[in-house]
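Open the model in your viewer and keep the sequence panel beside it.

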Amino acid sequence: MHTERTPYAAAAPRVEARGNGAATPRARGFLASRVSPEGIAALPAALAAGSLDYPLVDRCATTGDGGQDMVHATFLFLDEQPADPARAVILSANALVDHEDLAASEFEQSGERLWSITLLVPADWVASYRITVHRGDGPAPWHQAADRRAIRLAADGGGPDPLNPQVSATMNGAAVSVFRGPKATANPHLAPAVPAAGRSGPSLGGWGAAEAGTQGLHPRLSHHLVQDENCARERSVWMYQPPGSESGAQQEPTPLVVVHDGATWVKHLSFAESLDNAINAKVLAPVHVMFVDSTSIPLRSDELPHATGTTRSLAGQFLPWARSGFNVRADPAGTLLTGSSFGGLAAMLGVLLYPELFGKAVAQSPSLWHTDVSAQLQSLAAHVELEIQAGCYETRIAESCAQTLGALQGSDAAQRIQYQLFSGGHDWAWWAPELLSALVRAYPAAGH
């Protein structure tokens with residue numbers, strides 16, 4: 001992944017949209033064209049012995065539209081149920097399942113009990129994915145579904161890749177496998193994710209009601225149930241306090257980071273441990289982090305993308321609550337707001353509507369298709385620092401970001417907005433490491 005900060009005008013989306021929001025870069029017959037039948041037959045044993053890096057990656061001379069290096073990434077499925085053989089297998093890679101061309105994501109049979117699919121992708125591609133298998137008569141469920149969402153859910157209904165040890169979690173805690181290209185930048189401080197035990201359904205769903213209590217929480221995470229006066233409901237909030245805060249010794253107030261969709265970060269992405277790692281490594285300054293829950297899909301859709309919802313609650317109630325109860329700074333520069341998708345839009349709304357409270361924002365894959373903030377960005381407060389991140393395969397998001405930022409060409413605000421385009425989709429697989437990197441940029445440790 002690219003990690004350098006660049007002005008938005010220098011970045012161009014690397015997508016090949018076909019009007020449906022997908023860009024599936026299938027390379028048909030790739031394995032058979034590169035490996036002999038004997039070599040293919042030997043693949044299962046080689047994988048079992050750990051003598052092959054997997055997924056299989058072949059560098060190539062091809063470059064993408066943006067001049068980036070490309071690789072062929074091959075995924076395999078070994079059918080362990082010969083008595084009830086697989087009839088169809090699909091790769092549900094984040095943002096790549098094309099409901100109008102499902103064959104572009106389906107495995108081909110490459111040998112006895114062995115299926116494969118090869119994608120031509122940027123060398124820095126990062127993606128979560130699942131493999132779904134259809135057995136028995138009749139068409140696969142993803143071919144029976146009628147609309148885009150139902151098709152994607154059916155294609156995502158399987159599970160992680162049993163050949164890939166790299167496992168993460170998504171918003172609802174479902175386990176996913178993770179692919180990182182050979183040029184993808186790994187964040188060394190990111191802690192392993194913890195998928196929800198027994199959650200086998202599709203990874204595309206949203207978070208349900210958050211469980212109360214402190215069972216299994218990081219030792220410096222405290223859970224709070226607070227009545228949200230603006231949204232008229234009870235809301236879960238988790239507060240992370242940095243290493244050293246438990247000593248009771250008087251310390252300087254730290255910056256405060258406010259994170260939307262808090263349950264996912266706390267329960268499944270182990271972000272408190274990641275913060276510990278970065279702070280103890282002396283790359284990130286000590287920070288407090290308030291994780292704010294978004295609860296169910298309907299509530300999230302009602303509250304996050306609207307200025308009168310969660311944004312107003314944070315400004316009027318939750319930020320004052322945090323500042324009065326914890327040793328945090330009370331200035332805009334010391335207060336950063338972040339989120340992804342609708343949460344990314346909400347992070348932007350926070351600095352646009354309440355710059356006297358929030359002086360920094362990291363908006364990951366903001367849903368700018370939902371709300372046009374171009375006019376408000378023209379008058380972005382001079383002290384506000386805004387970083388926007390998007391994935392090249394989340395076509396709708398990348399295009400709306402490019403259009404919104406394109407409308408700022410030549411403005412003073414444009415010079416203070418950083419835009420980064422990553423080789424990925426709408427995906428926690430890159431959101432988590434890149435948020436941690438963004439926090440280090442915003443609040444580096446002394447001397448770093």
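Start with a term: buried means under 20% relative accessible area, exposed means over 50%, and partly exposed lies in between (1.4 Å probe, protein chains only). The model is predicted, so local features need pLDDT of at least 70, side-chain atom pairs count only at pLDDT 80 or more, and totals for chains, interfaces and linings use all residues. Residues are numbered from 1 along each chain as its sequence is written, and side-chain values use heavy atoms, with hydrogens and water left out.

**Stop 1: Thr338**

Select Thr338. At 1% relative accessibility, Thr338 counts as buried. Thr338 is found in strand S13, residues 335-340. Strands (E, at least two residues) and helices (H or I, at least four) are DSSP runs, numbered from the N terminus. Now show its contacts, where contact means heavy atoms within 4.5 Å. Leaving aside neighbours within four places in sequence, Thr338 touches Val257, Val258, Val259, His260, Gly343, Ala347, Val362 and Leu435.

**Stop 2: Ser274**

Move to Ser274 in helix H6, residues 271-280. Ser274 has a relative accessible area of 0% and is buried. Which residues is Ser274 in contact with, leaving aside its neighbours within four places in sequence? They are His189, Leu190, Ala191 and Leu436. Draw a distance from Ser274 to Leu190: their C-alpha atoms are separated by 4.8 Å, although the two are 84 residues apart along the chain.

**Stop 3: the open sheet**

Select strands S3, S6, S8 and S7. These four form an open sheet in the order S3-S6-S8-S7, with antiparallel pairing. Two strands pair if DSSP finds at least two bridges between them. Strand S3 (86-93) and strand S7 (167-169) stand at the edges with a single partner strand each, so one side of each is left without a neighbour in the sheet. The twist averages 45° from one strand to the next. Axes here are lines fitted to C-alpha atoms, for helices over the stretch in contact, and angles run from 0 to 180 degrees between N-to-C directions.

Zoom in on S7 and strand S8 (residues 175-180), which run antiparallel and are joined by three bridges. Ser168 stands opposite Val176 in S8.

**Stop 4: aromatic pairs**

Rings of Phe, Tyr and Trp (its six-membered ring) pair if their centres lie within 6.5 Å; planes under 30 degrees apart count as stacked, over 60 as edge-to-face, and the rest as tilted. The structure holds 10 aromatic pairs. One is Trp321 with Phe326, edge-to-face at 5.7 Å centre to centre and 65° between the planes. Trp321 is partly exposed at 24% relative accessibility, whereas Phe326 is buried at 15%.

Trp428 and Trp431 also form an edge-to-face pair, at 5.0 Å centre to centre and 75° between the planes. Being three residues apart in H12, they are separated by about one helical turn. Trp428 is buried at 7% relative accessibility, and Trp431 is buried at 3%.

**Stop 5: nonpolar cores**

A nonpolar core is a set of buried Ala, Val, Leu, Ile, Met, Phe, Trp, Tyr and Cys residues joined through side-chain atoms within 4.5 Å. The largest has 75 residues; Phe75, Leu91, Phe107, Trp125, Met290 and Ile388 touch the most other members. Apart from it lies another core of 42 residues, among them Val289, Val362, Leu435 and Val440.

**Stop 6: strand S2**

Select strand S2, residues 69-78: nine of its 10 residues are buried. S2 runs antiparallel to strand S5 (residues 114-122), and nine bridges join them. The bridge partner of Leu76 in S5 is Ser116.

**Stop 7**

Finish in the loops. The peptide bond from Tyr54 to Pro55 is cis, with omega near -5°. Pro55 sits in the loop between helix H2 (37-48) and strand S1 (56-63). Ala232 is not a glycine, yet has a positive phi of about 55°. Ala232 lies in the loop between strand S9 (221-228) and strand S10 (233-240), and is exposed, with a relative accessible area of 61%.
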